[in-house]
Amino acid sequence: MSPEKLTTIITSIILFCWIGFIIAWERISPYRKGLKFFREGFWIDLVWYTLIQSYFLKILIFDYIIKPLEAHFDLSHLHLISNWPVTLQVLFFLFTHDLYIYLFHRFQHSNKFFWRIHEAHHSGKEVDFLAGSRSHIMEIIINQTIEFAPIILLGANPIVIPIKAMLDAMFGMFIHGNIKVNMGKLKYIINSPQLHLWHHANYQEVFHANFATKFSFWDYLFGTVYDPGHTPGNKPENWGLYYDYPKDYFLQHAFSVKRFDEKTLLKYRWFIWYYNLRPRFMNWIKTLLPVKINNAPKLEIEQQPVTLVSEQENVLQQN
């Protein structure tokens with residue numbers, strides 16, 4: 001067995017153990033009490049974003065984007081980092097990519113076009129360990145190509161990729177986790193739900209704050225940290241987007257191209273048939289499982305409550 005395959009197996013085992021640990025942590029010490037495990041959007045995030053989208057985008061990014069790049073821009077012969085210890089290679093890509101993510105994330109919140117491919121990530125009203133997986137296809141293609149292409153093009157040890165991917169997933173679940181944790185002085189270095197959950201709150205103060213993913217010192221260094229010392233609140237209007245956002249995977253992607261109101265589409269028979277597919281499927285699943293699952297969204301979409309960011313105060317989000 002090659003070292004890369006062995007590392008992939010080991011990192012996968014660690015990741016599954018981490019998932020169990022985070023789930024238990026959310027139940028024992030919740031940031032927001034009362035959030036159900038099978039919350040609204042759980043199956044969309046798990047099935048479409050985490051499983052299906054991740055699988056196909058991995059093939060697209062590595063086989064059809066990075067591989068052709070490697071054929072034309074292979075820099076491994078320069079041995080720029082290939083002779084470094086694996087630990088140093090992992091740390092190098094961890095820090096450099098995290099700085100890129102901070103800068104690009106910050107840019108997305110200030111640019112109308114790139115906000116369109118980022119808003120899905122902010123659409124959830126109930127944020128937990130799985131919510132971080134909800135990201136637009138184009139956002140994933142951009143970020144993961146920039147993340148993994150340098151690792152391959154610079155000739156890093158192949159085991160850096162599964163290690164880096166594992167750390168990404170672990171941090172992603174942690175900072176989005178519905179976990180009440182006090183990091184103490186570590187909050188100035190390591191990111192956590194203490195800061196990042198505020199970034200998913202529906203307040204003006206945090207729309208341009210708390211952009212860091214792994215290392216919170218980027219926010220402290222560049223003056224974008226927001227830490228008021230209390231939680232955002234536990235009402236739906238305290239979280240997510242202030243405007244109506246589709247709950248269906250395909251409609252969420254369509255919404256990034258053309259704004260529409262789901263209710264206006266209900267006049268079309270094909271849309272009624274399509275929109276009822278998932279509720280019917282979920283009702284069928286509920287008959288098979290002993291676990292109580294939240295009802296899928298009904299055909300008649302309820303109006304969102306008035307939220308804390310008004311249309312006049314934040315035009316960027318809806319445009």
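Biologist: Is arginine 39 buried or exposed?
Modeller: The model is predicted: local features need pLDDT of at least 70, side-chain atom pairs count only at pLDDT 80 or more, and totals for chains, interfaces and linings use all residues. Residues are numbered from 1 along each chain as its sequence is written, and side-chain values use heavy atoms, with hydrogens and water left out. A residue is called buried under 20% relative accessible area, exposed over 50% and partly exposed in between (1.4 Å probe, protein chains only). Because the relative accessible area of arginine 39 is 4%, this residue is buried.

Biologist: With which residue does the side chain of arginine 39 meet in a salt bridge?
Modeller: A salt bridge here is a side-chain nitrogen of Lys or Arg within 4 Å of a carboxyl oxygen of Asp or Glu. For arginine 39 the N to O distance is 2.8 Å, and the partner is aspartate 128.

Biologist: How many residues apart in sequence are the parts that aspartate 128 and arginine 39 tie together?
Modeller: Helices (H or I, at least four residues) and strands (E, at least two) are DSSP runs, numbered from the N terminus. Aspartate 128 is in the loop between helix H4 (112–116) and H5, whereas arginine 39 is in the loop between helix H1 (3–28) and H2. Aspartate 128 is also buried, with a relative accessible area of 6%. The pair therefore ties together parts whose separation in sequence, in residues, is 89.

Biologist: What is the distance between the closest N and O atoms of aspartate 45 and arginine 134?
Modeller: Aspartate 45 counts as buried at 1% relative accessibility, and arginine 134 is buried at 8%. These two residues form a salt bridge in which the closest N and O atoms are separated by 2.7 Å.

Biologist: Which residues are linked in a network of salt bridges?
Modeller: The structure holds eight salt bridges. Aspartate 45 lies in helix H2 and arginine 134 in the loop between H4 and H5, so this pair joins parts that are 89 residues apart in sequence. The linked residues are Arg39, Asp45, Asp128 and Arg134.

Biologist: Which residues does serine 135 contact, leaving aside its neighbours within four places in sequence?
Modeller: Serine 135 lies in the loop between H4 and H5. At 8% relative accessibility, serine 135 counts as buried. Taking contact as heavy atoms within 4.5 Å, the partners of serine 135 are Tyr49, Gln53, His121 and Ile140.

Biologist: Which residue meets lysine 164 in a salt bridge?
Modeller: Lysine 164 is one of the residues touched by isoleucine 151, along with Phe93, Ala156, Val160 and Ile161, not counting residues up to four places away in sequence. The side chains meet at 3.0 Å, N to O, and the partner is aspartate 168.

Biologist: Which residues is isoleucine 81 in contact with, leaving aside its neighbours within four places in sequence?
Modeller: Isoleucine 81 is placed in the loop between H2 and helix H3 (86–108). Its relative accessibility is 4%, so isoleucine 81 counts as buried. The residues in contact with isoleucine 81 are Gln89, Phe93, Leu154 and Ala156.

Biologist: What is the area of the nonpolar surface patch that includes Tyr64?
Modeller: Patches are made of residues with over 30% relative accessible area and no salt bridge, like charges being joined within 9 Å and nonpolar side chains (Val, Leu, Ile, Met, Phe, Trp, Tyr) within 5 Å; areas come from the Shrake-Rupley method with a 1.4 Å probe, and for residues only the protein chains shown count as cover. Tyrosine 64 lies in helix H2 (residues 42–73) and is exposed, with a relative accessible area of 61%. Together with Leu51, Ile52, Tyr55, Phe56, Ile59 and Leu60, Tyr64 makes a patch of about 710 Å².

Biologist: How far apart are the end C-alpha atoms of residues 86–104?
Modeller: The unreviewed UniProt entry gives "transmembrane region" for residues 6–25, 46–66 and 86–104; such annotations may be inferred rather than shown by experiment, and positions follow the numbering used here, with feature names shortened. Residues 86–104 are 100% helix and 0% strand, and their end C-alpha atoms are separated by 27 Å.
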